[in-house]
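Colleague: I have just opened this one and would like a walk through it. Could you take me along slowly?
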Amino acid sequence: MSDQGRTLDGDEVAEARVLIAARLADIEVEPGQQYPGFVILHKGSEGMTLTSHWSVEGCILCQDLLRRPYNGEDPIAAIRPHVVGCIWELALINHERTVWQKTMMPIKPNVVAPDLEAYLQSWFEEASV
């Protein structure tokens, strides 16, 4: 994700993959459990933000936020534990929430199990947020 015409380059995406792998390795998980989720890499006006989102207990959305300010000073450092995300990112988060509810939390009488494959195959298709 990028705003105001900023585009992500291959190096930024590669760095994000390394950071995600390292940060998620620190998250405690139950052996044998899967924690499906999504990642947002946002190249904004003040810096790069990388958020990882995953679900636990079927209905709890967790988040890890890493910020790399362009000028080295992070204006949200003191409030980071309270940050949900950039307003531009909320459309993506809402898409994931809606798809999660439809595929992983079925409430229809004829649907008895979560459908992880259906969740993973659903993509956000907005051209611009």
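Modeller: Let me settle one word before we start: a residue is called buried when its relative accessible area is under 20%, exposed when that area is over 50%, and partly exposed in between, using a 1.4 Å probe and protein chains only. This is a predicted model, in which local features need pLDDT of at least 70 and side-chain atom pairs count only at pLDDT 80 or more, while totals for chains, interfaces and linings use all residues. Residues are numbered from 1 along each chain as its sequence is written, and side-chain values use heavy atoms, with hydrogens and water left out.

Colleague: Okay, is Thr51 buried or exposed?
Modeller: Thr51 counts as buried, because its relative accessibility is 0%. Thr51 belongs to strand E2, where strands (E, at least two residues) and helices (H or I, at least four) are DSSP runs numbered from the N terminus.

Colleague: And how much of strand E2 is buried?
Modeller: Strand E2, residues 47–56, is mostly covered, with 10 of its 10 residues buried.

Colleague: Which polar contact does the side chain of Thr51 make?
Modeller: The Thr51 side chain meets the side chain of His53 in a polar contact at 3.0 Å. That term stands for a pair of N or O atoms within 3.5 Å; within protein, one must be able to donate a hydrogen and the other to accept it, and residues adjacent in sequence count only if both atoms are side-chain atoms. His53 also lies in strand E2 and counts as buried at 4% relative accessibility.

Colleague: What else does His53 touch?
Modeller: Not counting residues up to four places away in sequence, His53 touches several residues, including Pro36, Leu61 and Ile93, where contact means heavy atoms within 4.5 Å. With neighbours within four places left aside, Thr51 has contacts that include Phe38, Leu65 and Glu89.

Colleague: Changing topic, in what order do the strands form the sheet?
Modeller: The order is E1-E2-E3, an open sheet of 3 strands with antiparallel pairing, and two strands pair if DSSP finds at least two bridges between them. E1 and E3 stand at the edges with a single partner strand each, so one side of each is left without a neighbour in the sheet. From one strand to the next the twist averages 15 degrees; axes here are lines fitted to C-alpha atoms, for helices over the stretch in contact, and angles run from 0 to 180 degrees between N-to-C directions.

Colleague: How many bridges join E1 to E2?
Modeller: There are 7 bridges between E2 and strand E1, residues 37–43, and the two form a hairpin with 3 residues between them. Ile40 has Thr51 in E2 as its bridge partner, and His42 stands opposite Thr49. E2 also pairs with strand E3, residues 60–69, over 10 bridges, and in that hairpin Glu57 takes a positive phi near 50 degrees.

Colleague: Which strands does helix H1 lie across?
Modeller: Helix H1, residues 10–25, lies across E1, E2 and E3, running at about 40 degrees to E2. H2 packs on the sheet as well, touching E1, E2 and E3, and its direction makes about 170 degrees with that of E1.

Colleague: Last one, how many aromatic pairs are there?
Modeller: The structure holds 1 aromatic pair. Trp100 and Tyr119 form it, edge-to-face, at 5.0 Å centre to centre and with 85 degrees between the planes. Rings of Phe, Tyr and Trp (its six-membered ring) pair if their centres lie within 6.5 Å, and planes under 30 degrees apart count as stacked, over 60 as edge-to-face and the rest as tilted.
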